2 protein chains.
Amino acid sequence: MRETDFVSGFARGLKVIEAFGETQQRLSIAEASKLTGLDRATVRRSLLTLAELGYAVYDGKFFTLTPKILRLGHAYLAATPLPTIIQPHLDQLAEQAGHNASASVLDGTEVVYIARASQRRVMSINLTPGSRLPAFCASMGRVLLAALPESEARAVLARTDLKANTPNTKTDPEELLAEFRRVRSQGYAVIDQELEIGLCSIAVPVENNRGQTVAAINIGAPAAYVAAAEMAERFLPLLRETQKALRLVLR
Amino acid sequence: MRETDFVSGFARGLKVIEAFGETQQRLSIAEASKLTGLDRATVRRSLLTLAELGYAVYDGKFFTLTPKILRLGHAYLAATPLPTIIQPHLDQLAEQAGHNASASVLDGTEVVYIARASQRRVMSINLTPGSRLPAFCASMGRVLLAALPESEARAVLARTDLKANTPNTKTDPEELLAEFRRVRSQGYAVIDQELEIGLCSIAVPVENNRGQTVAAINIGAPAAYVAAAEMAERFLPLLRETQKALRLVLR
DNA sequence: TTAATTTGTGCGATATATGAACAAATATCA
DNA sequence: TGATATTTGTTCATATATCGCACAAATTAA
């Protein structure tokens with residue numbers, strides 16, 4: 001790509017939008033400038049542009065994003081068949097399991113939720129399509145990383161901030177790579193409170209009819225209800241069934 | 001705002017992102033140019049910028065959005081307290097009702113879903129946070145429009161494409177305004193298959209502790225299970241309870 | 001093959017970013 | 001409290017980047 005094929009005003013504007021996610025919903029020009037590292041004058045122009053287009057409102061002091069901004073992410077969710085195809089299967093899965101079911105894809109070192117059927121609230125954080133979690137310590141992340149060639153998985157781990165969320169979190173790269181091999185051979189991953197104390201989850205890959213892993217689905221349950229050791233026994237048959245149904249419809 | 005405070009390169013780029021939502025996930029440069037009405041050279045630069053930043057991938061012929069694009073909409077969902085606060089209440093509501101519960105806000109002539117607790121699939125379309133429906137024929141839309149001053153509600157109807165989705169859809173502005181008055185006085189709206197045949201729903205406003213309507217929540221049920229006439233009897237107590245709980249936590 | 005469409009690129013005209021300057025607002029301290 | 005320092009929003013001139021046109025190259029269709 002040539003230098004002049006890059007619209008830096010656009011790139012700067014996108015950076016400004018993302019700055020809102022990191023903290024609160026209200027940002028002053030100076031705050032946005034600090035978060036993005038862009039010049040105050042530049043940030044101001046981006047924010048005024050967002051306001052002019054209705055993606056943000058300005059009260060003279062703070063800018064706030066409006067729901068119109070959801071159109072941007074929704075362009076992906078609506079245009080990509082995967083979330084739409086998976087959602088009904090997920091609804092059924094969650095209902096049968098009596099626990100939350102989710103689907104995600106890998107984006108760099110993180111898993112991104114693309115669909116979710118929620119039965120009850122068990123996590124402290126609110127997960128919706130678009131939510132992100134570190135891949136290395138999430139059940140769906142383990143499944144997705146296990147599907148990569150080992151060299152790639154290793155590269156992802158190398159640029160991951162392997163910080164322990166709980167005392168259970170595995171953070172040693174070699175141990176994680178061994179875990180990926182185990183996940184690959186058994187076809188599922190179980191997480192025992194590595195992400196959040198009190199939460200267990202089990203995930204399987206979603207494959208298309210050519211056998212390529214295109215996403216992962218999981219079921220999460222409170223450790224108090226379902227011990228990690230029981231996760232596979234309780235939920236693997238349901239997950240396998242959903243996995244099989246999806247393999248037939250995904251090309 | 002001064003002319004020079006508008007970054008048109010940014011605005012053009014956003015338009016290109018939205019073009020993906022309207023059709024499929026793959027767009028060629030020429031297609032994107034047609035959809036946006038922008039010059040091909042401009043669209044090409046925007047798309048290459050998106051690709052360079054990882055928001056899209058380019059196979060030399062077609063551009064496809066990547067899940068990274070979800071960061072943009074998610075900046076709103078994560079930064080705005082409303083979805084996060086409402087979600088657990090919605091989960092509980094859906095579980096008690098045994099049917100899907102959703103929350104939305106008004107954006108122009110449309111309602112935008114900001115949270116959803118899905119129990120089972122009843123609609124032909126897949127609703128996720130960011131999904132949009134015409135406000136005039138959705139239960140939450142009726143509630144949100146009823147909360148506006150009548151002149152504003154009238155103005156919204158004036159710029160709405162009042163097309164009937166089903167034979168039941170009310171499309172006469174005066175009839176709709178009368179319906180809004182009824183909704184305002186009774187405090188809830190019931191929709192009987194105006195959006196989709198076989199689907200009934202009931203919505204109430206979500207008010208903050210100053211009595212301002214900041215969102216709407218609803219329960220949807222298949223008409224085969226719950227007749228429109230029974231909706232209020234069956235679900236209004238649950239909705240009122242959730243409404244009351246939210247009023248206490250929203251400032 | 002020709003014709004039609006799509007894509008890539010150079011260039012002049014136009015729009016935008018930059019950083020400094022300044023005023024207004026806010027915070028700090030005696 | 002009042003004086004001073006700091007932060008913030010805004011404007012401006014100018015250097016730089018982008019736009020959209022026109023044309024060429026490549027691809028696709030007939």
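Trainee: Which residues are buried in helix 4 of chain A?

Mentor: This is a predicted model, where local features need pLDDT of at least 70, side-chain atom pairs count only at pLDDT 80 or more, and totals for chains, interfaces and linings use all residues. Residues are numbered from 1 along each chain as its sequence is written, with chains lettered from A and ligands numbered from 1 in the order in which they are written. A residue is buried if 20 or more other C-beta atoms, placed from the backbone, lie within 10 Å of its own; helices (H or I, at least four residues) and strands (E, at least two) are DSSP runs, numbered from the N terminus. In helix 4 of chain A the buried residues are Leu70(A), Arg71(A), Leu72(A), Gly73(A), His74(A), Ala75(A), Tyr76(A), Leu77(A), Ala78(A) and Ala79(A).

Trainee: Which element gives the largest share of the side of chain A that touches chain B?

Mentor: Contact here puts two C-beta atoms, placed from the backbone, within 7 Å. Chain A brings 57 residues to it, and chain B brings 57 residues. Among the elements giving two or more residues on the chain A side are helix 1, helix 3 and helix 5 (81–97). The largest share, 10 residues, comes from helix 4 of chain A.

Trainee: Which residues are closest to DNA strand D?

Mentor: Near means a C-beta atom, placed from the backbone, within 6 Å. By that test 20 residues surround DNA strand D. Elements giving two or more of them include helix 2 (29–36) of chain A and helix 3 (40–53) of chain B. The closest residues are Ser28(A), Ile29(A), Ala30(A), Gly9(B) and Thr42(B).

Trainee: How far apart do the C-alpha centres of domain 1 and domain 2 of chain A lie?

Mentor: The bounds come from an automatic or database domain assignment. It gives domain 1 (3–71) and domain 2 (80–249). Their C-alpha centres lie apart by 33 Å.

How values were computed: A residue is buried if 20 or more other C-beta atoms lie within 10 Å of its own, exposed if 12 or fewer, and partly exposed in between; C-beta atoms are placed from the backbone.
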